[in-house]
Amino acid sequence: MTAVNWEQFYQNQAPPSCLDEVGKNVTKFCAKHQNQKIVLVTSGGTTVPMEHNTVRFVDNFSAGSRGSASVEYFLKAGYAVVFLNRLNSLQPFIRHFPKQELFDCLDVSDSQQGPQITVNARKGQKLVRILKEYKQVSKEEKLMSVSFSTLSEYLWLLRVISQELNACKKHALLYLAAAVSDFYIPESKLPTHKIQSNVQSLQVSFNLVPKMLEPLVSLWVPDAFVVSFKLETDESILISKARGALEKYSHKLVIGNLLHSRKYHVLIVSDAEEHELRLSPQEIEAGKEIEEKIISELVKRHDDYLNQS
Ligand code: 9Z3
């Protein structure tokens, strides 16, 4: 497997066409929310294309549940939010209405003026509550959303957004919950057209993705409060891997989670300790989300960081 450094990665992978516009919009967003706390939430999985004209791609696991839920709790805590999310992954607010649930909250009838849509008295209460929250956030322009699909798009956008957030200094928090591929096929090695099936077997070779946390922490947003996630399936290596990342990149926190328990158990790993957050069976039953506890803990720690001279 070949490894390139982070600068070579950006030299060899073409930027997305929206890059400059996203950069300018983030600059404006930062200016609008000057001296307020601002968070970048990354969410969802990255794709790795196998052809330039992409029919097939390798995907990374993640529905975007963690990221989209976290956005809502950061907004409630008063943060302005840049939400860097995988196209078609779960979105804040509307995530509460999966499948056709939104339709069930509404009734339709015919009147002389034409069709009338009303909120269903019994099923529509949740819609009214969440719609009000969403409208308030829209009015205050507190949420900016940017979408990606491929690994390359994600890494280009992560860089430009981080660099713009550097202007917010310690007010910026980076919450890197996206599930980012560790492997990719460089553009120079991609076939132009769909790989044909008239072969005996298909051998694909991947390069290692350089660890972007390194330049992100040391160069792009050196004053920000950076929180990364570590996902494992083997419990016995979770803490050592999380601690290893913290030592290597010297950022503030790593949140460790296991694939199967991630919705009710995480470990917040800092230089000083490991802090466990867990939902009780009663809390799960009541519909509480672990992101509420995670964000409440992070807000305290970010405030402490801001208050340090
Ligand atoms: C996470 O660990 C997130 O918590 C999940 C959330 C992806 C598990 P869902 O979207 O899942 O709620 O379904 N994100 C980080 C995953 C990751 O790629 N981490 C890298 C690693 O573990 C470091 S950046 O090496």
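Trainee: How do you know that the span of helix α8 agrees with its number of residues?
Mentor: This is a predicted model; local features need pLDDT of at least 70, side-chain atom pairs count only at pLDDT 80 or more, and totals for chains, interfaces and linings use all residues. Residues are numbered from 1 along each chain as its sequence is written. Helix α8 has 15 residues, 235-249. The expected span is 1.5 Å times one less than the number of residues, so α8 should span 21 Å. Its end C-alpha atoms are 22 Å apart, which agrees. Helices here are DSSP runs of H or I, at least four residues; strands are runs of E, at least two; both are numbered from the N terminus. Just after α8, S250 takes a positive phi of about 55°.

Trainee: What makes β7 and β14 the edge strands?
Mentor: Two strands pair if DSSP finds at least two bridges between them. The open sheet runs β7-β4-β1-β8-β11-β12-β13-β14, with mixed pairing. β7 (143-148) and β14 (274-278) each pair on one side only, so by the pairing definition they are the edges.

Trainee: How do you know that β1 and β4 pair?
Mentor: Six bridges join β1 (38-43) to β4 (80-86). The definition asks for at least two, so they pair. The two strands run parallel. V41 stands opposite F83 in β4.

Trainee: Which element gives the most to the shell around the ligand?
Mentor: β11, with four residues.

Trainee: What is the confidence in the protein chain?
Mentor: Mean pLDDT, the predictor's confidence in each residue from 0 to 100, is 96. 100% of the residues reach 70 or more.
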